[in-house]
Amino acid sequence: MDLTTAATLLTEIGILLGVVVPIIIWTLKIANGQKCQLRSEMLRTYYKHRDAETIRQYEYENFVYCYEAYKALRGNSFIDKIYKEIQTWEIVS
């Protein structure tokens, strides 16, 4: 490979990285925002029903869906304790 070919290849790699890296960063920011919204929704549900330790069936199902999505986005274990506690509550229809 001569010098011109190497320079062209490096230029093309630089251009490609200039396009791909911002997309990756943008995607990670969206995922972090989604995790924050999911965590916020789960905490809102938890604190709303914490004293009574009862939860409506549709709210429980929604909490489980949020929890599964949160964990799929690599959410931390902070919410695990809350999830386990909600599983012990009475579910009312």
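Contact means heavy atoms within 4.5 Å. The model is predicted, so that local features need pLDDT of at least 70 and side-chain atom pairs count only at pLDDT 80 or more, while totals for chains, interfaces and linings use all residues. Residues are numbered from 1 along each chain as its sequence is written, and side-chain values use heavy atoms, without hydrogens and water.

**Exercise 1.** Determine the surroundings of Asp80.

*Solution.* 
Step 1. Asp80 lies in helix 3; helices are DSSP runs (H or I, at least four residues) numbered from the N terminus.
Step 2. Apart from neighbours within four places in sequence, Asp80 contacts Tyr67 and Lys71.
Step 3. The side chains of Asp80 and Lys71 form a polar contact at 3.4 Å, that is, a pair of N or O atoms within 3.5 Å, one able to donate a hydrogen and the other to accept it.

**Exercise 2.** Describe how helix 1 and helix 3 pack.

*Solution.* 
Step 1. Helix 1 (residues 3-49) and helix 3 (residues 78-87) meet at about 35 degrees, their axes 11 Å apart; axes are lines fitted to C-alpha atoms over the stretch in contact, and angles run from 0 to 180 degrees between N-to-C directions.
Step 2. Helix 1 contributes Arg39, Met42, Leu43 and Tyr46, and helix 3 contributes Phe78, Ile79, Ile82, Glu85 and Ile86.
Step 3. Ile79, leaving aside neighbours within four places in sequence, contacts Arg39, Met42, Leu43, Tyr67 and Tyr70.

Definitions and conventions. Helix = DSSP H or I, 4+ residues; strand = E, 2+ residues; numbered from the N terminus.
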